[in-house]
Amino acid sequence: MTLTPQRRSGQGPDTGRAPEVLAPSPAPAARWRRVGAQPWAMAAAVALAVAGAAVSLNGVLRGWAWYPPVLTTVCVVALAMAALRSLRAQPFLVALGGFASLVFILTFTFFRRYSIAGFIPSGDTMEQLGRYLRRASETVLAESSPVAPNAGIVLVTCAVLGLVVILVDALAVPLALPATSGLGLVAVLVVPAMVKPQSVGVWGFAAAAAGYLVILACSQWFAPDNRITADTARNPGQFRRAALTGGMALVITLLLPLAVPGFDQGTFPQGSRLNPWGSATGLNPMISLGSSLRSPSGDGRITYATSASRPPYLRSVTVDRFDGDSWSPDDRDASRRVGVGRMDAGYEILADEQVRQVTAVNTGRFTSPYLPVPYAPDAVNGLAGRWSWDPATLSIKGVDTNSRNQQYVVQSSAPRLTPELLSQSSAPVRGISEEFVRTPNNVPEIVRRTADTVTGGSSTPYAKAMAIQNYLRSVEFTYSLQSPVQGGYDGNGLSVLADFLAQKSGYCIHFASAMAVMARLEGIPSRIAVGYAPGRSTGATVSVPGQGALTEYEVDSRDAHAWPELYFQGLGWVAFEPTPSRGVVPDYASQASTPGGASTNENNDGLVPSNAATPAATPSATPAPLPGLDSAGEAGHPLTLPLYGAAGVLVLALLVASPRLVRAGLRSRRLRGAPSSGGNPAAAAWAELRDLATDYGLAPGVSETPRHFSRRLLGSGALGARDDGDGAGVRAVASLTADFERRQYGPPAGRADAGAAPSEASVPPAAERIMAVQAALRRHSRPARRLRAEWLPPSVLNRWGHVAGAPFRAVTRAAATTTQAAARSWRTVRDGLRRLRRG
């Protein structure tokens, strides 16, 4: 008769697996310490996550001067909520305390002089708040990233991140939804992902991800209430599931950009440019000119037909206020006039000849509050909705509408300008607002020195303007969309201008800003016009009443442009073109002796139609880059293809090797970590023996006892025989089986017979015995099975399949349960109907 070892009372059926040992419940004192530390640990995790996500805003905001107040705000709000929670305050009061602490720290940081006791808001605080918010709005309207971190924009940033702290904390603690707290962090990361050309950046993404993982870890370690303590117990299987989930997420991250429209080349986070709202369809001042120019495809297409001899610039808005930090538009809402049927510049034009032209415009999907028109408009007809115009700049803005799907006809006029006429316009400027000549006090020395040097030999305003334009269009400067981003001076403030003059590389906003500032330093009123460079011919004609058939042209976001306008007494505002390789240099600003003075746009993707009359071209600083490409051109960097190829090979190798790596890591953890985790090395070694047998085609049965499995493994011949020189593997299996049975079914420690077990010194360590079994299995298996066991171990793949099939099994069980419930309900109804009929 064979005796089967009996399991102790309370054990389940024998499955051949080592039973899971439940961790004992923590002592009351230890549990109390954990509960007491929970608010502070979670506050630290939330602060780390939000402050880490804020790192990605570097590049949206220039430099790092903005980060200390942001970090202070985040920490104060998080710690204030932790203090209230440690006092057992209700969740509503905790959130309310978070809002109050946010108000106090913002007041202390930004409005200390205008508050009560330095941190309590007052009436003066609200007045200053309105001024700061207007300043932030102007920064958003006029600046291109990275924007200058003025007090207004830093205040808004601190307030938003403080609210994110409250949101993340609410999701993670009182609502017990720690996984969804990542939505708040994603809201922060969306801003640099949409604004910065280089997207979120590695450090910002890594910091946010680390903070998010700490939040999840704290939510597992500290249970929000006693009902879910069982779900937060540390489980050895969590590491395996986390590794599998992370691996699947990594694979999806690498493959998703290839399948989802909206991503540029590259992998997340650096290559992701997904914009859920779609790309901008209009030249809105809120959107960076650089972002529009870097757009790989043209959006916001506008078509227009004109009676002019060459396609004109379309001017949308004027930025004329300059405080040193940035150029910004002044809408002058108080002085704007409603109705664009008749407009007047408001100053006298003394030129003998006026050039009048008619332009029919179709804006299509272009969406902006401002209307693109040739300068200077006298009247606009055919518009839908109410529109107003600024007498100082003639910019047209919608009152209750925008430019989308508008079709209108513009009548415009301008004096016929010549170099001689401009040279004679040297009278003192009259009738122009001081806004157009004001210069800030903090002009960098390099800007003043450059302006004085360039205009040193010029005596008239026109000569000075030409000297500045010629200098910026000389071979010393290059047109580049990427250099300002890489150099960290992508904007239009004075510090950006100083970097631009030192690096001598940028795009239109830098050239226009440089000429406008240097002109003001020389006493010439200036402003910057934002709109579109001359368009390309579509090959079609448009019939305009009174004008006949006019040639049609088109522009889109890739033609977005900025250029300076300088004021000359008796002639008005005159446009110049200092940007090399963009736009068209006007005849009055083009001289035979001007180095780089002629436009090279005829070779730039057809920006100027071939039939346009342009002055003779001279060599440009660099070939014009195609819209949306960097200076390396369409082919990109010569190392791009090899790098992508190497990355693909590396990813493929990691995917192939991942089962082998997981198997090796699992074996190492069992053999080296088992003694320190639970004190059961025999169970860990037995689990490794079962997996080894599974890898070599001898998987244990579900109801197979350890002794039966050991006998089957020994009798299979996979380990050789005791007397053929490979007896080490056989002896190792026998000793591992005996150790496991003794540990699992023997008497408790301290009650065992000392002579019943061999001495510890006579038994090799479990790691040596496992290695002996592995060597024996490898030596007696076929090459195909050996290769599969090493690189595609079934013990790992079976676990992955079990985890991956869990949702399907859950759905199947739910469907079966629902079907059974429906069947029972139907039987109940049927039986009831039968009883009614019988009754």
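Trainee: In which helix does arginine 834 lie?
Mentor: Arginine 834 lies in helix α23, residues 806-838. Helices are DSSP runs of H or I with at least four residues, strands are runs of E with at least two, and both are numbered from the N terminus. Before we go on, this is a predicted model, where local features need pLDDT of at least 70, side-chain atom pairs count only at pLDDT 80 or more, and totals for chains, interfaces and linings use all residues. Residues are numbered from 1 along each chain as its sequence is written, and side-chain values use heavy atoms, with hydrogens and water left out.

Trainee: Why is arginine 834 called partly exposed?
Mentor: Buried means under 20% relative accessible area, exposed means over 50%, and partly exposed is in between, with a 1.4 Å probe and protein chains only. Arginine 834 has 39% relative accessibility, so it counts as partly exposed.

Trainee: Which residues gather in a patch of positive charge on the surface?
Mentor: They are Arg834, Arg835, Arg837 and Arg838. A patch takes residues with over 30% relative accessible area and no salt bridge, and like charges are joined within 9 Å. Lys and Arg count as positive and Asp and Glu as negative, while His and the chain ends are not counted. The place of an Arg charge is taken as its CZ.

Trainee: What makes glutamate 565 and arginine 527 a salt bridge?
Mentor: The rule asks for a side-chain nitrogen of Lys or Arg within 4 Å of a carboxyl oxygen of Asp or Glu. In this pair the closest N and O atoms are 2.8 Å apart, and the two residues form a salt bridge. Glutamate 565 lies in strand β15 (residues 560-568) and arginine 527 in strand β12 (residues 526-532), so the pair ties together parts that are 38 residues apart in sequence.

Trainee: Are these two partners buried or exposed?
Mentor: Glutamate 565 is buried at a relative accessible area of 2%, and arginine 527 is buried at 0%.

Trainee: How many salt bridges does a search of the whole structure find?
Mentor: It finds 23. One of them joins the side chains of aspartate 559 and arginine 536, at 2.8 Å from N to O. This pair links distant parts of the chain, 23 residues apart: aspartate 559 is in the loop between β14 (548-555) and β15, and arginine 536 is in strand β13 (residues 536-544). Aspartate 559 is buried at 0% relative accessible area, and arginine 536 counts as buried at 12%.

Trainee: Where do aspartate 739 and arginine 742 lie?
Mentor: Both are in helix α19 (residues 727-745), 3 residues apart, which is about one turn of the helix. Aspartate 739 counts as buried at 18% relative accessibility, whereas arginine 742 is partly exposed at 35%. Elsewhere, salt bridges that share partners join Arg663, Arg667, Arg670, Glu688, Asp691 and Asp695 into one network.

Trainee: How do you know that β15 and β16 pair?
Mentor: Two strands pair if DSSP finds at least two bridges between them. Strand β15 and strand β16 (residues 572-575) have 4 bridges and pair in the antiparallel sense. Tyrosine 567 stands opposite tryptophan 573 in β16. The two strands form a hairpin with 3 residues between them, and glycine 570 in the turn has a positive phi of about 90°.

Trainee: Why does one side of β4 and of β8 have no neighbour in the sheet?
Mentor: The open sheet has 3 strands in the order β4-β7-β8, with antiparallel pairing. β4 (337-338) and β8 (396-398) stand at the edges with a single partner strand each, so one side of each is left without a neighbour. β4 is joined to β7 (residues 387-389) by 2 bridges, and valine 338 stands opposite serine 388 in β7.

Definitions and conventions:
Patches are made of residues with over 30% relative accessible area and no salt bridge: like charges are joined within 9 Å, nonpolar side chains (Val, Leu, Ile, Met, Phe, Trp, Tyr) within 5 Å. Accessible areas come from the Shrake-Rupley method with a 1.4 Å probe; for residues, only the protein chains shown count as cover.
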